[in-house]
2 protein chains.
Amino acid sequence: MRDAYHEELDSISEGLVDMARLVGSAIGRATTAILDADLKLAETVIEGDKKVDDLQHDLEARAIALLARQQPVATDLRIVVTSLRMSADLERSGDLAQHVAKLARLRFPERAVPQDLHATILEMGQLAQRLMAKAAEVIITKDVDLALQLEQDDDEMDLLHRTLFQHLMDDRWKHGIETAVDVTLLGRYYERYADHAVAVAKRVVYLVTGEHADELQPEIPSVTGVEGA
Amino acid sequence: MRDAYHEELDSISEGLVDMARLVGSAIGRATTAILDADLKLAETVIEGDKKVDDLQHDLEARAIALLARQQPVATDLRIVVTSLRMSADLERSGDLAQHVAKLARLRFPERAVPQDLHATILEMGQLAQRLMAKAAEVIITKDVDLALQLEQDDDEMDLLHRTLFQHLMDDRWKHGIETAVDVTLLGRYYERYADHAVAVAKRVVYLVTGEHADELQPEIPSVTGVEGA
């Protein structure tokens, strides 16, 4: 009985890794779609999000069934509750990738991102995908050092975000308001995506050490002027 | 023993109502702060968010302790797990109110919102506060009809958001890029805040009926062009 139980716990963890892989791929494809104005690729992300949602529902149902049947305590209980939260973070990351793809579709056949911001958005997209790949690795390995590293990587996202804002606020901005609005939202999507990847890693830290990651390492304040932007 | 247990369940529910009231007040005050460029009022929201976070931590700890000690099944288990999710929604709403207040502080002594958008932002702020007041009432009364009504109210938020976008995209926009960026983010903060209030109400529907609110009433698609904006 206990063996079936631990198998079930492992399968929840595997479900989280599957979700992380799907949403990691989604943000990569969404970024390519928005930079290339590739409608077909955008559609794969938009349609693919259903798979992520299904995985989450399945994972939640299994977690709740496990709570009811096995009534875990202590560490095992903490693992199940934390898994529910991680699945919510991953589901939301999938939504954010979908938002990027929907913006690509909305502006098609135009490109939403002007040429002089192409490199910055590409970097944000790649960094977001790397962060999620690391988050998946953290779920598998429970490596606290790697988890803490994600917070450093997130500072890089803040820097990229600041670069984006500097472009926007530059008097020489010549792309008009619509593009400014698009770029503002894109920046926010990538930053929130990164936040969720970091949150997943932090939750693993909490599972392993019993301490919140913030207590192990002070959070670095945002470098962009606009909060949560 | 069972009585103490149900008292504990009730106290979790009361904690959720307390959180909803705090974040409802926060979005009201943040809206006044940003419209009046009132730095002191903005500071009360920024500092007050700690109270919301503390309430959430406390509520989560009690929910997890209750799972471990009482090992609830069926409906009671669903109530505890759903409460954890509701507390996450409410905590995030508090963050979003804080983002509005921080934008007020960042632009102080200037006003972040130009005069011709004052009425729209005021309406968004008031609607957000009303949605959260209703969400609190739904937690208390478990009134499914009232919960479904929140989704209708959320359509109003979409309309206001569309109004905001129409202003932004209007060729006569004369407030420059920085204000366009601020207004874009503000619109997103209010809309996400409303989403979380609606999510809280939907979770109560799920508790009462065992069905997700979406299955009872089809979701109305977004009216703004930009997804999740």
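**An enclosed cavity**

The largest cavity is lined by A:Leu67, A:Gln71, A:Pro72, A:Leu77, B:Leu67, B:Gln71, B:Pro72 and B:Leu77. The model examined here is predicted, and its structure holds 1 cavity of 30 Å³ or more. The volume of the largest cavity is about 40 Å³. Sorted by class, the residues around the largest cavity comprise 6 nonpolar and 2 polar residues, with no charged residues.

**The nonpolar core**

The largest nonpolar core contains 154 residues. Within this core, the residues with the most contacts are A:Ile34, A:Tyr190, B:Ile34 and B:Tyr190. In soluble globular proteins, nonpolar side chains tend to be buried together.

The surroundings of A:Ile34 can be listed in detail. Residues up to four places away in sequence being left out, A:Ile34 touches A:Val100, A:Leu103, A:Ala104, A:Ala112, A:Val113, A:Ile121, A:Leu186 and A:Tyr190. A:Tyr190, one of these partners, is itself among the residues with the most contacts inside the largest core.

Helix 3 of chain B runs over residues 74-107 and has 34 residues. Helix 3 of chain B is mostly covered, with 27 of its 34 residues buried.

Helix 4 of chain B has 24 residues. From its first C-alpha to its last, helix 4 reaches 34 Å, close to the 34 Å expected at 1.5 Å a residue. Directly after helix 4 of chain B comes B:Lys142, with a positive phi near 55 degrees.

**The second largest pocket**

Four helices of chain B each give two or more residues to its lining: helix 1 (2-36), helix 3, helix 4 (118-141) and helix 6 (176-209). Helix 1 of chain B supplies the largest share, 8 residues.

In total, 18 residues line the second largest pocket. Those nearest its centre are B:Leu9, B:Ser13, B:Ile79, B:Ile139 and B:Lys142. By class, the lining consists of 11 nonpolar, 4 polar and 3 charged residues.

**Backbone features in the loops**

Most residues other than glycine have a negative phi, and most peptide bonds are trans. Against that background, the peptide bond from A:Phe108 to A:Pro109 is cis, with omega near 5 degrees. A:Pro109 belongs to the loop between helix 3 (74-107) and helix 4 (118-141) of chain A. In chain B, the peptide bond from B:Phe108 to B:Pro109 is also cis, with omega near 5 degrees, and B:Pro109 sits in the loop between helix 3 and helix 4 of that chain.

A:Lys142 has a positive phi near 55 degrees and is not a glycine; its place is the loop between helix 4 and helix 5 (144-169) of chain A. Because its relative accessible area is 42%, A:Lys142 is partly exposed. B:Lys142 likewise shows a positive phi of about 55 degrees without being a glycine, and this residue lies in the loop between helix 4 and helix 5 (144-169) of chain B. With a relative accessibility of 42%, B:Lys142 counts as partly exposed.

A:Thr120 is located in helix 4 of chain A. Its relative accessible area is 8%, so A:Thr120 is buried. Neighbours within four places in sequence aside, A:Thr120 is in contact with A:Leu160, A:Thr163 and A:Leu164.

B:Arg62 is part of helix 2 (residues 39-70) of chain B. Its relative accessible area is 21%, and B:Arg62 is therefore partly exposed, since buried means under 20%. Apart from neighbours within four places in sequence, B:Arg62 is in contact with B:Glu8, B:Ser11 and B:Ile12. B:Arg62 and B:Leu9 are 53 residues apart in sequence, while their C-alpha atoms are 9.2 Å apart in space. B:Leu9 is also one of the lining residues that lie nearest the centre of the second largest pocket.

Definitions and conventions: Residues are numbered from 1 along each chain as its sequence is written. Chains are lettered from A and ligands numbered from 1 in the order in which they are written. This is a predicted model: local features need pLDDT of at least 70, side-chain atom pairs count only at pLDDT 80 or more; totals for chains, interfaces and linings use all residues. Side-chain values use heavy atoms; hydrogens and water are left out. A nonpolar core is a set of buried Ala, Val, Leu, Ile, Met, Phe, Trp, Tyr and Cys residues joined through side-chain atoms within 4.5 Å. Buried means under 20% relative accessible area, exposed over 50%, partly exposed in between (1.4 Å probe, protein chains only). Contact means heavy atoms within 4.5 Å. On a 1 Å grid over the protein atoms alone, a cavity is a set of points where a 1.4 Å probe fits but cannot get out, and a pocket is an open set with protein on both sides within 12 Å along at least five of seven lines; lining residues have an atom within 4 Å of a point. Grid points are joined across faces, edges and corners, and a volume is the space filled by probe spheres set on the points. Ala, Val, Leu, Ile, Met, Phe, Trp, Tyr, Cys and Pro count as nonpolar, Asp, Glu, Lys and Arg as charged, and the others, Gly among them, as polar. The expected span of a helix is 1.5 Å times one less than its number of residues.
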